[in-house]
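These are my notebook entries on one protein structure.

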Amino acid sequence: MVSVIPFNTDNTYLAREFLMKDPYKNARMYSLLENDRGNSLIIYDGGVIRGILAVDENKMEMWFYGNRGSFKVAIENIDLNNNSSLFIDSKNLDIAKRKFRIQCSPVLAMRLKIRDYVCKSGNARKVTLEDSKEYVATFGVVPNENTFIKTLDGKIVGVASVLSYNIKICVIGCIKYDMGNEESISDIVSSIVNEYKTLTENIVVYVVYEEKLKDILEKQGFAYSGELLKLYKSE
């Protein structure tokens with residue numbers, strides 16, 4: 001029998017064990033569950049976890065991991081609007097299309113082992129209050145306190161944010177850049193790694209798939225750890 005249970009401290013251990021099937025691809029889901037505000041769900045079938053829907057506190061960011069049967073159940077609990085996004089495996093795309101008019105982008109999960117990192121200097125810096133107005137005007141979102149930026153001639157040309165970190169994994173996402181300034185991401189990621197390398201064992205980057213960005217990250221020692229689809233509502 002299929003049941004949908006809110007995530008809580010009673011099922012934390014089992015949920016983490018389930019996500020360990022793809023630990024680096026699911027790194028962001030770990031952090032969302034650690035900070036869950038009652039929005040995340042676990043789908044059981046016959047008393048066994050078959051799927052997890054991790055949702056941020058504002059319901060703007062949703063991640064699903066599990067089999068097709070559990071996704072069919074989970075999607076009935078998802079409200080995808082113009083400001084939210086849903087991350088899923090490609091095998092579940094046809095199910096999502098039955099409920100939503102959506103567009104999608106492939107997202108790569110790439111992992112760097114800190115012990116294998118060859119230190120490289122980076123001249124990016126954390127965003128300041130003075131930068132925020134330009135940041136919002138350029139990229140359309142408000143930066144968090146752990147957003148790093150790269151500037152060129154006084155203009156912001158690339159950004160990335162540390163979404164979460166613990167002793168095992170530091171998660172980087174929200175990577176954006178001005179066209180033609182892809183190399184700025186190399187400086188930003190190097191700066192982030194240098195700041196967090198004594199605080200964690202692995203760095204995981206989520207980046208919308210582009211061959212040039214993939215090459216940049218591979219040159220820095222990152223390896224492919226999986227692929228997801230980022231879904232957002234079609235106008």
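**Entry 1: contacts and fold**

I began with contacts, meaning heavy atoms within 4.5 Å: of those between residues at least 6 apart in sequence, 65% join residues at least 24 apart. I note that this is a predicted model, in which local features need pLDDT of at least 70, side-chain atom pairs count only at pLDDT 80 or more, and totals for chains, interfaces and linings use all residues. Residues are numbered from 1 along each chain as its sequence is written, and side-chain values use heavy atoms, with hydrogens and water left out.

I found seven helices and 12 strands, taken as DSSP runs (helices H or I, at least four residues; strands E, at least two). The radius of gyration, over C-alpha atoms, is 18 Å, close to the 18 Å of the globule rule (2.2 Å times the number of residues to the power 0.38) for 235 residues, so the protein is as compact as a globular protein of that length.

**Entry 2: burial**

I recorded that 50% of the 235 residues are buried, which is under 20% relative accessible area with a 1.4 Å probe and protein chains only; exposed is over 50%, and partly exposed lies in between.

**Entry 3: cysteines**

How many disulfides does the structure hold? I found zero, a disulfide being a pair of cysteine sulfur atoms within 2.5 Å. The sulfur of Cys104 is too far for a bond, because the closest cysteine sulfur, in Cys174, is 19 Å away. For Cys174, the closest cysteine sulfur is in Cys170, at 13 Å, also too far for a bond. Cys104 is partly exposed at 36% relative accessible area, and Cys174 is partly exposed at 43%.
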